[in-house]
Every structure is written in structure tokens, then in C-alpha cells.
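Okay, thanks everyone, I'll keep this short. Have a look at the structure on the screen, and then I'll walk you through it.

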Amino acid sequence: MSIAPWLFVLPNMAIFGLFTIYPAIQMFNMSLYESRNGREFSWVGMDNFSRILTSQEFHAVALQTVIFTVCFVGLTTIGSTIGAVLLNDNFKGRGFFRAIVFLPSLLSAVVVGLLWRWILDRGNGMLNTALAALGLPQPGWLIEGDLAMGVIIFVGLWIHTGFYTLIMLAGLQGIDPTVYEAAKVDGATGVQRFFKITWPLLRPTTLVVTILSTISGFQAFDYIWNLTGGGPLGATTLIVQYIYEAGFDTPASYGLASAGGVILFVAVFIFTLINFLVGRRNDAA
């Protein structure tokens with residue numbers, strides 16, 4: 001057997017192993033220790049996991065993370081499907097609109113957080129300034145808990161939906177056009193063609209979008225940190241921010257943060273596995 005193909009992938013696998021696999025293994029190991037000032041470590045076994053799983057703060061953060069992820073995944077899947085169907089039609093300026101939809105995915109999440117924070121600022125934000133000019137109420141978008149959660153879900157959709165729309169669009173373009181032509185000849189309406197042809201044939205692509213958006217939802221942090229900082233009063237604090245604060249706030253608790261990372265890994269793995277198994281069962285049916 002030729003070793004040439006392995007030599008081509010070796011540099012990439014070495015980098016992946018050094019900067020991804022090795023730190024992940026170290027995270028599992030560190031979760032069994034506690035640190036003092038981030039330097040001296042002592043064995044504590046499963047105590048870090050016990051502290052997290054019995055913490056009321058973590059319970060609130062976990063619930064908020066699940067609410068955010070469920071809303072994000074559901075709306076992303078629906079939005080990307082609708083967007084792909086619309087952008088798949090042959091109309092003037094189709095390439096321009098595809099670029100516009102995808103553009104937010106190219107922006108830095110930090111920049112996006114700061115941008116929307118400026119737009120939604122209660123006192124001087126662009127949105128509330130426009131509402132005031134129209135004589136309408138100016139809500140505290142970022143300082144009221146329920147509104148703030150809705151805002152981070154919306155901004156997450158604004159960032160990611162374009163990327164998932166392109167994935168769905170690729171799935172649409174893989175469907176044989178003759179299937180639609182035959183359906184038209186049989187008198188099927190546009191709605192019937194979507195639910196009888198498009199939606200069933202898009203199931204594998206929908207499964208990919210669901211899995212990727214689930215992972216993205218659980219890992220959301222950067223733009224939320226710059227948009228709300230996890231506020232107000234922790235109403236938009238998700239599990240990655242909880243891990244970040246455990247590891248870098250004073251006093252630094254790397255063991256507790258690592259245990260939180262392990263719990264996040266297990267949660268993402270379980271949700272991804274459920275999505276995969278449900279998707280496979282639906283395809284088999």
C-alpha cells in the first residue's frame with residue numbers, strides 16, 4: 001500500500017492532534033483536579049462535577065442554553081429551508097441576493113456583537129432612535145431579560161442562517177429537475193411539490209443543518225459576550241460563558257472549568273447522536 005496519500009494528510013492531522021485532540025485529552029484530565037491560583041493542582045476526583053451539577057447557577061445556565069439552542073436550531077432550519085427555496089428560483093439578481101444572505105456569515109462574531117449592541121442601545125441606539133421619531137415605545141432590548149434572550153437568538157440567526165441556507169441550496173440543486181416536471185404534468189401544485197418532493201428529498205441535508213446548528217447553538221459565546229455580557233443579571237449567560245468565567249475569573253478554577261467543558265462535550269454528543277438517529281430512522285421510513 002502506498003504511503004503517499006498519508007504523507008499529504010500528515011501535516012494537517014499533526015496540527016489537528018496538537019491543537020485539538022491533545023487539549024481535549026488534557027481537559028478531561030484536568031477536570032479531576034482543582035487549582036489554586038491557576039498554578040498548584042490537587043486531585044479531587046469527581047468533586048468538580050458534583051459542584052457543577054448541584055449548583056443552582058449552573059442549572060439556570062443549562063436551562064437557558066437549552067432554550068437558546070432549541071429556538072436557534074428550529075428557526076435556523078426553517079429559515080434556511082425557506083431561504084434556499086426562494087434563492088433557488090431563477091430570477092434577476094439571484095447572485096446578488098445570495099451574496100447578501102451569506103455576507104453576515106463572513107463577519108467577525110466580535111464585530112457583530114458590537115454592531116448590534118450599538119444598534120439596540122436603549123438610549124442612543126439606531127433602532128430606538130427610529131422608534132422615538134415615530135412616537136413609539138423604546139424597549140430596553142439589552143436590559144430586559146426576555147427581550148435580551150430574544151435578541152441573542154435573533155442575532156445568532158442573522159449570523160448563521162446564510163451559511164446554512166447555502167447548504168440547503170446545495171441540497172436543492174442536487175434534486176433531479178425531471179421529478180418536478182413529472183409532478184407538474186400530474187397537476188401537483190407548488191405546495192404539494194414542496195411537501196411531497198422537496199422536503200422528503202432534503203432530509204439528509206436537513207439532518208446536516210440540524211446537527212451543525214445544534215453544535216453551534218451549544219457553543220455560542222463570542223457575539224453574546226460582546227452584545228450583552230451575559231446580562232441582564234445572567235439572563236443570557238450560556239454554558240460556554242459559565243466555563244469561561246470559571247476558568248478566568250479570580251480566583252481561577254481550571255478544574256471546574258474543565259469539568260464544565262466535559263459536561264458540554266457530553267451534552268453536545270448526546271444531542272448530536274439523537275439528531276443523527278432520528279434522521280436515519282426517518283430516512284429509513
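I'll start with the overall picture, then go through the helices, the cores, one loop and some aromatic rings.

So, first thing to say: this is a predicted model. The chain has 285 residues, and 38% of them are buried. DSSP gives us 13 helices and 2 strands. Along its principal axes the C-alpha trace spans about 75 × 75 × 35 Å. If you take contacts between residues at least 6 apart in sequence, 65% of them join residues at least 24 apart.

Now, the annotation. The UniProt record, an unreviewed entry, puts "transmembrane region" on residues 7-25, 61-87, 99-119, 147-167 and 256-278. What does the model do with those spans? I'll take two of them. Residues 61-87 are 100% helix with 0% strand, and the end C-alpha atoms are 37 Å apart. Residues 256-278 are also 100% helix and 0% strand, with the end C-alpha atoms 33 Å apart.

Then α7, which is where you'll find T165. Buried or exposed, that threonine? Well, T165 has 2% relative accessibility, and the cut-off for buried is under 20%, so T165 counts as buried. Leaving out residues up to four places away in sequence, T165 touches G79, S80, G83, A84, L87 and V101.

On to the cores. The largest nonpolar core has 23 residues, and the members that touch the most others are F68, V155 and Y223. The biggest contributor is α7, with 7 residues. If you click on F68 and ignore its neighbours within four places in sequence, you'll see contacts with M149, I152, I153, G217, A220, Y223, I224 and L238. There's also a second, separate core of 18 residues, and its members include F49, V240, A246 and V268.

As a reminder, most residues other than glycine have a negative phi, and most peptide bonds are trans. L233 is exposed, at 94% relative accessibility.

T236 lies in the loop between α11 and α12 too, but T236 is buried, at 0% relative accessibility. What does its side chain do there? The side chain of T236 makes a polar contact with the side chain of T228, at 2.7 Å. Beyond its neighbours within four places in sequence, T236 is in contact with Q64, A148, M149, I152, I224, T228, G230, G231 and Q241.

Last topic, the aromatics. A search of the whole structure turns up 16 aromatic pairs. Let me pick one: the ring centres of Y244 and F248 are 5.2 Å apart and the planes are at 35 degrees, so that pair is tilted. Where do the two sit in the fold? Both are in helix α12, residues 239-248, and they are 4 residues apart, about one turn of the helix. An α-helix has 3.6 residues a turn, so residues three or four places apart point the same way.

How accessible are these two? Y244 is partly exposed, at 30% relative accessibility, while F248 is exposed, with a relative accessible area of 59%.

Happy to turn the model around if anyone wants another look.

How values were computed:
Residues numbered from 1 in each chain as written. Predicted model: local features only at pLDDT ≥ 70, side-chain atom pairs only at ≥ 80, totals over all residues. Heavy atoms only, no water. UniProt positions renumbered as here; feature names shortened; annotations may be inferred. Phe/Tyr/Trp six-rings, centres within 6.5 Å; stacked < 30°, edge-to-face > 60°. Buried < 20%, exposed > 50% of the residue type's maximum accessible area, 1.4 Å probe, protein only. Polar contact = N/O pair within 3.5 Å; in protein donor to acceptor, adjacent residues only side chain to side chain. Contact = heavy atoms within 4.5 Å. Core = buried A, V, L, I, M, F, W, Y, C linked by side-chain atoms within 4.5 Å.
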